Amino acid sequence: MQPINYLTKKVLTNIKLIIFDVDGVLVPRGTKIEQKDNWTTFETKRIAKKQIEQIKKLHELGLLINISSGRGLYMLQDMFREILPFTSLTYENGSVTWFDGNLIQHTNSYKYLREIFPKLQKVSSKHIKGFEPKEFIITIHCHGQVRQIEDIVSEYDNLYTVWNGEAYDIGVKNIQSKGYGLTAFIKHLKLKKENVLAIGDNHNDKELIECAGVKITADKDRLKGDFYVPLEGELLPADLLMKQIIKELTK
Ligand SMILES: [Mg+2]
């Protein structure tokens, strides 16, 4: 793995599409959520002005931008409203892509998840903070890992659970990952893997990174890539990456 300053104009020659993970990359990590009976409260983060300008610049340089997150569409639209005219949103770990107001669904998880959902809702643990509203995956925020959740998911051969340090994402094996969604979206755009650069910071970005020609990690401990940017620091990982790309492409 090389530091980001080795990401030169030459390495970027074939890149046409840039994929950004959200939490830990475009905004700081951490979701504030509380659930009490039928009330769910959570904080919406917004992309900073500086990142809006950087993304606009990438767009001007002729690059396509895609944001790929485990979050739901309603939240991503709110977070990225100012850059929606030149950004597509792939949400809930590659399930669907919002592209210019149209939805391209990559996965139908309904029949796989409908049985497990009520079982998970019945789990009682002081560690559980709440279920984040989602359409295609199940996300349970917890203070720490909850064995009972893992045990219930392990009863289903076709389902997986990923613990990212603050929540469990539960989805369908092989057909529901950021990588699966990216591969389908690349095909839709008639692009190839070598045209794609992706940056992520967490376990659910593994498949995403693997499906990109140029792989960037913002957390070397959790994710391997060709290049790395530091997670902790004054600047967000996406800030450092965009700075480097803009510098190289405007040389
Ligand atoms: Mg992340």
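Colleague: How many helices and strands are there in the protein?
Modeller: The protein has eight helices and 15 strands. Please keep in mind that this is a predicted model.

Colleague: What is the radius of gyration of the protein?
Modeller: The radius of gyration is 18 Å, close to the 18 Å given by the globule rule for 251 residues, so the protein is as compact as a globular protein of that length. Along the principal axes, the C-alpha atoms fill a box of roughly 55 × 35 × 35 Å.

Colleague: And what share of the residues is buried?
Modeller: Buried residues account for 42% of the 251 residues. As for contacts between residues at least 6 apart in sequence, 61% join residues at least 24 apart.

Colleague: Into which domains is the protein divided?
Modeller: Domain 1 comprises 2-32 + 44-104 + 178-249, and domain 2 comprises 110-172. The contact between them takes 11 residues from domain 1 and 12 residues from domain 2. On the side of domain 1 that touches domain 2, one residue is nonpolar, nine are polar and one is charged.

Colleague: What distance separates the domain centres?
Modeller: The centres of domain 1 and domain 2 are 26 Å apart, taken over C-alpha atoms.

Colleague: Turning to the sheet of nine strands, what is its order?
Modeller: The order is E1-E15-E14-E13-E2-E5-E6-E7-E8; the sheet is open and its pairing is mixed. Strand E1 (2-3) and strand E8 (102-105) are at the edges with a single partner strand each, so one side of each has no neighbour in the sheet.

Colleague: Which E6 residues point which way?
Modeller: Ser 88 and Thr 90 point one way, while Leu 89 and Tyr 91 point the other way; all of these are buried.

Colleague: Next, the hairpin of E11 and E12. How many residues lie between the strands?
Modeller: There are three residues between the strands, and Gly 165 in this hairpin takes a positive phi near 100°. Strand E11 (residues 159-163) and strand E12 (residues 167-172) are antiparallel and share five bridges. Tyr 160 stands opposite Gly 171 in E12.

Colleague: Which residues have a positive phi although they are not glycine?
Modeller: Asp 37 is one of them, with a phi of about 50°, and Asp 100 is another, with a phi of about 55°. Asp 37 lies in the loop between strand E3 (33-36) and strand E4 (39-42), and Asp 100 in the loop between E7 and E8.

Colleague: Are those two buried or exposed, and why?
Modeller: Asp 37 is exposed because its count of other C-beta atoms within 10 Å is 5. Asp 100 is exposed because its count within 10 Å is 9.

Colleague: What about Glu 43? Where is it found?
Modeller: Glu 43 is in the loop between E4 and H1. With 9 C-beta neighbours inside 10 Å, Glu 43 counts as exposed. Glu 43 and Lys 32 are 11 residues apart in sequence, and their C-alpha atoms are 5.5 Å apart.

Colleague: Now the helices. How many of the residues of H6 are buried?
Modeller: In helix H6 (residues 178-188), eight of the 11 residues are buried, so the helix is largely enclosed by the rest of the structure. Among them are Tyr 180, Leu 182, Phe 185 and Ile 186. Lys 190, which follows H6, has a positive phi near 60°.

Colleague: And what span should H8 have?
Modeller: At 1.5 Å a residue, the 13 residues of helix H8 (residues 237-249) should span 18 Å, and the end C-alpha atoms are 18 Å apart, which agrees.

Colleague: Which elements do its buried residues pack against?
Modeller: The buried residues of H8 pack against strand E2 (17-20), helix H1 (49-60), strand E13 (196-200) and strand E14 (214-217). Those buried residues include Leu 240, Leu 241, Met 242 and Ile 245.

Notes: Residues are numbered from 1 along each chain as its sequence is written. This is a predicted model: local features need pLDDT of at least 70, side-chain atom pairs count only at pLDDT 80 or more; totals for chains, interfaces and linings use all residues. Domain bounds come from an automatic or database domain assignment. Two residues are in contact if their C-beta atoms, placed from the backbone, lie within 7 Å. Ala, Val, Leu, Ile, Met, Phe, Trp, Tyr, Cys and Pro count as nonpolar, Asp, Glu, Lys and Arg as charged, and the others, Gly among them, as polar. Helices (H or I, at least four residues) and strands (E, at least two) are DSSP runs, numbered from the N terminus. The expected span of a helix is 1.5 Å times one less than its number of residues. A residue is buried if 20 or more other C-beta atoms lie within 10 Å of its own, exposed if 12 or fewer, and partly exposed in between; C-beta atoms are placed from the backbone. The radius of gyration is taken over C-alpha atoms; the globule rule is 2.2 Å times the number of residues to the power 0.38. Two strands pair if DSSP finds at least two bridges between them.
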